Amino acid sequence: MSATFLGMPGDFPKNAARAVQDSQLRYNLRKATHTIRGKRAAVVDELPDWRELRAAGKAIKDETLRHLDRYLVQLEEAVTRAGGHVHWARDAAEANRVVAGLVKATGETEVVKVKSMATQEIGLNEALAAEGITAYETDLAELIVQLGDDFPSHILVPAIHRNRAEIREIFLDRMGDAPPGLTDEPAALAEAARLHLRERFLRSKVAVSGANFMIAETGTLVVLESEGNGRMCLTLPETLISVVGIEKLLPTWRDLEVFLQLLPRSSTGERMNPYTSTWTGSAEGQDFHLVLLDNGRTDVLADEVGRQALRCIRCSACLNVCPVYERAGGHAYGSVYPGPIGAILTPQLRGMSSELDASLPYASSLCGACYDVCPVAIDIPEVLVDLRAKAPHGAAERAGMRVAGWILDDQARLAKAQRAAGRLRRLVPRRLPGPLSAWTDTRDLPEIPEESFRDWWEREG
């Protein structure tokens with residue numbers, strides 16, 4: 001994955017501590033997430049078979065991951081038969097080299113882009129800029145982020161941390177052709193963006209996209225979006241380059257029907273997606289290239305617990321119900337994948353060697369709300385706990401856990417420890433000393449009872 005977001009030097013607790021001091025950010029996040037959450041709940045409740053759809057989505061994804069090698073070869077063959085070109089990329093650097101080379105081969109120096117998490121993951125815009133190629137985001141929220149020299153903070157709504165007044169100021173300051181009397185009304189902001197992008201759509205010869213799904217059976221790629229900008233990118237340019245994670249596969253065309261019900265309801269709270277674009281190979285003479293991105297995904301696939309994160313369809317429902325995300329925002333995660341899914345996906349893709357990545361599995365209260373709303377039943381709390389066990393731990397913490405394990409492993413030792421703690425309870429400080437102080441920085445130390453439950457039971461029973 002690409003480097004940590006600039007401005008994120010510490011771990012998640014430090015980043016979150018700064019974020020929660022921003023009252024405007026907290027207001028923006030609360031208003032937006034609660035609105036999307038309410039819309040999702042309403043349209044999900046309409047379906048009597050939502051549980052069955054969810055189970056079907058999980059089963060299809062699990063089947064795909066079990067036989068991913070076979071389905072990827074099938075996809076490559078189908079795309080090639082349809083006149084497309086397939087490129088394999090082991091990591092971000094290789095994917096960026098492939099895309100830059102393909103753009104250079106056309107002689108163009110600019111591309112338009114469909115909203116894509118995969119290209120953000122590999123830092124494609126920055127890599128193209130280093131090669132003298134300018135990438136223009138066309139999704140409204142991504143445009144706001146790009147014009148503001150900002151970073152996305154939400155999977156579905158990258159500029160969720162901005163309100164209308166802030167967006168208006170960004171447009172007036174950075175758009176260049178924004179009308180001077182621009183107001184912060186949504187329709188006015190959308191019209192300004194539409195006029196700004198129109199020229200780019202008409203003159204650009206190369207487009208870059210991701211894909212929500214790839215169909216192994218037919219070699220078809222699928223993009224779901226709400227604005228129509230993506231369809232302009234997919235159809236007008238002479239060359240289309242799609243960068244897609246290898247886990248985005250579905251075995252058959254029929255499987256897509258399940259996800260066209262799950263994704264809109266879980267992401268935007270809509271019964272049907274406004275724009276669903278599908279294409280197979282080089283449609284209507286367009287030169288099509290598919291870059292299949294690994295970038296750590298096969299390592300995740302090898303993990304029996306963590307591999308369920310690869311079922312994710314990027315709906316962002318888990319972000320909208322997460323109490324931690326709602327208060328800390330997406331930037332605190334230091335990754336293009338924020339929120340609960342980012343807390344389990346990022347450490348697996350990037351590893352936990354950095355302070356930030358090692359802290360992400362702890363960016364959760366383990367309340368389980370994320371699992372309840374996930375349309376493909378990813379047990380995020382289970383993966384978080386598993387990653388916490390794999391995260392690096394300090395010497396004092398490891399020693400403490402060994403002592404605790406030794407005591408808890410024997411009921412006689414536990415009884416003695418409880419009696420000793422009861423006798424010495426007045427000597428225990430409210431704040432633990434030394435390396436243990438990190439625990440009481442954010443928690444109250446529970447009061448030790450004078451008598452243990454075990455002793456009370458023996459006496460009263």
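These notebook entries record what I looked up in a predicted model of one protein chain.

**Entry 1. The nonpolar cores**

The largest nonpolar core has 104 residues. Phe12, Phe171, Phe213, Phe259, Leu290 and Ile344 have the most contacts inside that core. I then took phenylalanine 171 and listed its partners, leaving out residues up to four places away in sequence. Phenylalanine 171 touches Leu140, Ile144, Leu147, Gly176, Ala178, Leu182, Leu189, Ala192 and Ala193. Another core, of 20 residues, lies apart from the largest one. Ala92, Ala95, Val111 and Ile241 are among the residues of this other core.

**Entry 2. Helix H16**

I next checked helix H16, which covers residues 339-350. Just after H16, glycine 351 takes a positive phi of about 85°.

Most residues other than glycine have a negative phi. Glutamate 284 has a positive phi, near 50°. Its place is in the loop between strand E9 (275-280) and strand E10 (287-293). Is glutamate 284 buried or exposed? Its relative accessible area is 88%, so glutamate 284 is exposed. Leucine 366 is not a glycine either, and its phi is positive at about 60°. Leucine 366 lies in the loop between helix H17 (355-359) and helix H18 (369-373). With a relative accessible area of 33%, leucine 366 is partly exposed.

**Entry 3. Helix H21 and its partners**

Two packed helices are described by the angle between their axes and the distance between the axes. I looked up both values for two pairs that involve H21. The axes of helix H20 (residues 395-408) and helix H21 (residues 411-423) come within 6 Å and cross at roughly 110°. H20 is therefore roughly perpendicular to H21. In this pair, Trp406, Ile407 and Leu408 of H20 meet Arg413, Leu414 and Ala417 of H21. By class, the contact has 5 nonpolar, no polar and 1 charged residues.

H21 also packs with helix H23 (residues 453-460), at an angle of about 100° and with the axes 9 Å apart. H21 and H23 are therefore roughly perpendicular to each other. Gln411, Leu414, Ala415, Gln418 and Arg419 of H21 meet Arg454, Asp455 and Glu458 of H23. This contact has 2 nonpolar, 2 polar and 4 charged residues. I noted that Leu414 of H21 meets H20 and that Leu414 also meets H23.

**Entry 4. Buried residues and their neighbours**

Asparagine 125 is placed in helix H7 (residues 124-130). At 19% relative accessibility, asparagine 125 counts as buried, because the cut-off for buried is under 20%. Which residues are in contact with asparagine 125, leaving aside neighbours within four places in sequence? They are Lys113, Ala135, Glu137 and Gln146.

Histidine 154 is in the loop between helix H8 (140-147) and helix H9 (164-174). Its relative accessible area is 2%, so histidine 154 is buried. Beyond residues up to four places away in sequence, histidine 154 touches Ile160, Ser316, Leu319, Asn320, Tyr325 and Pro338.

Serine 266 belongs to helix H12 (residues 256-267) and is buried at 0% relative accessibility. With residues up to four places away in sequence not counted, serine 266 touches Arg40, Trp50, Cys315, Ala317 and Pro375.

**Entry 5. Separation in sequence and in space**

Serine 266 and arginine 37 are 229 residues apart in sequence and 8.8 Å apart in space. Arginine 30, found in helix H2 (residues 23-45), counts as partly exposed at 46% relative accessibility. Arginine 30 and asparagine 320 are 290 residues apart in sequence, with 8.9 Å between their C-alpha atoms. Histidine 154 and alanine 377 are 223 residues apart along the chain, and their C-alpha atoms are separated by 20 Å.

Methods
Residues numbered from 1 in each chain as written. Predicted model: local features only at pLDDT ≥ 70, side-chain atom pairs only at ≥ 80, totals over all residues. Heavy atoms only, no water. Axes fitted to C-alpha atoms, helices over the stretch in contact; angles between N-to-C directions. Helix = DSSP H or I, 4+ residues; strand = E, 2+ residues; numbered from the N terminus. Parallel < 35°, antiparallel > 145°, perpendicular 65-115°, else oblique. Contact = heavy atoms within 4.5 Å. Nonpolar A, V, L, I, M, F, W, Y, C, P; charged D, E, K, R; others polar. Core = buried A, V, L, I, M, F, W, Y, C linked by side-chain atoms within 4.5 Å. Buried < 20%, exposed > 50% of the residue type's maximum accessible area, 1.4 Å probe, protein only. Expected span 1.5 Å × (residues − 1).
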